[in-house]
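Hi,

Here is the structure I promised to pass along.

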Amino acid sequence: MADRSKIIAIAALLATGAACGGGRHSPSAFRLPPDGDVDRGKADFVALGCHSCHEVSGADLPRPTVQPAVPVVLGGTVGARLSDAYLVTSIIYPSYELAPYPKEQIAHGGQSRMPRYADQITVRQMTDLVAFLQAHYYVPRVPESYH
């Protein structure tokens, strides 16, 4: 009987977890370590060559040099906070979801012009790079009178 109670308790926990929307396809299922360093992330952004294609709103970086120019500016005002999962996916698999720009400016043969960094970046670099990018996105607060 005790084994049956344990099985029922485990099943209830699993069902509760599934009902909360977690899982592989949920942005809530992925988190980077909270110790990302913005300054190291900025240095990684330059070291990995990201600055040769992208500007980052509010960041003091060398100007992009790639031709034709890439219109994707990172950072700035957004309607909702971007998840770590979204940013990591954009870095290691940029063709997964192409940015909403004219395809001829950001893609070649249906694939993103951005290289895949899956084999070129460490977890530490990714953690710091995402911290750097997150620091440059801004979600405006809605005044209480608009609620």
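Predicted model: local features only at pLDDT ≥ 70, side-chain atom pairs only at ≥ 80, totals over all residues.

Below is what turned up, starting with the ground rules and the overall layout.

Residues are numbered from 1 along each chain as its sequence is written, and side-chain values use heavy atoms, with hydrogens and water left out.

**Layout**

The protein chain has five helices and four strands, in the order α-α-β-α-α-β-β-α-β from the N terminus. Helices (H or I, at least four residues) and strands (E, at least two) are DSSP runs, numbered from the N terminus. Of the 147 residues, 30% count as buried; buried is under 20% relative accessible area, exposed is over 50%, and partly exposed is in between (1.4 Å probe, protein chains only). The accessible surface comes to about 10,100 Å², and carbon and sulfur atoms own 58% of that. Areas are from the Shrake-Rupley method with a 1.4 Å probe, and for residues only the protein chains shown count as cover. As for contacts (heavy atoms within 4.5 Å), take those between residues at least 6 apart in sequence: 66% of them join residues at least 24 apart.

**Salt bridges**

The structure holds four salt bridges, each being a side-chain nitrogen of Lys or Arg within 4 Å of a carboxyl oxygen of Asp or Glu. One of them pairs Arg124 with Asp35, with the closest N and O atoms 3.0 Å apart. Arg124 lies in helix H5 and Asp35 in the loop between helix H1 (2-19) and helix H2 (38-47), so this pair ties together parts that are 89 residues apart in sequence. Both ends are partly exposed, Arg124 at 34% relative accessibility and Asp35 at 43%.

Arg124 also bridges to Asp128, again with a closest N to O distance of 3.0 Å. Those two are four residues apart in helix H5, which means about one helical turn separates them. Asp128 is buried, at 1% relative accessibility. Asp35, Arg40, Arg124 and Asp128 are linked in a network of salt bridges.

Glu55 and Arg63 form another bridge, with their closest N and O atoms 3.5 Å apart. Here Glu55 is partly exposed at 35%, while Arg63 is exposed at 60%.

Tyr117 sits in the loop between strand E3 (111-112) and H5 and is buried, with a relative accessible area of 8%. Leaving aside neighbours within four places in sequence, Tyr117 is in contact with Leu48, Ile91 and Ile92. Its side chain reaches the backbone oxygen of Leu48 at 3.3 Å. Tyr117 and Val88 are 29 residues apart in sequence, with 9.7 Å between their C-alpha atoms.

Gln134 is in helix H5 and is buried at 15%. Beyond four places in sequence, Gln134 touches Arg81, Leu82, Ser83, Asp84 and Leu87.

His136 is in the loop between helix H5 (123-134) and strand E4 (137-138).

Cheers

Definitions and conventions
Polar contact = N/O pair within 3.5 Å; in protein donor to acceptor, adjacent residues only side chain to side chain.
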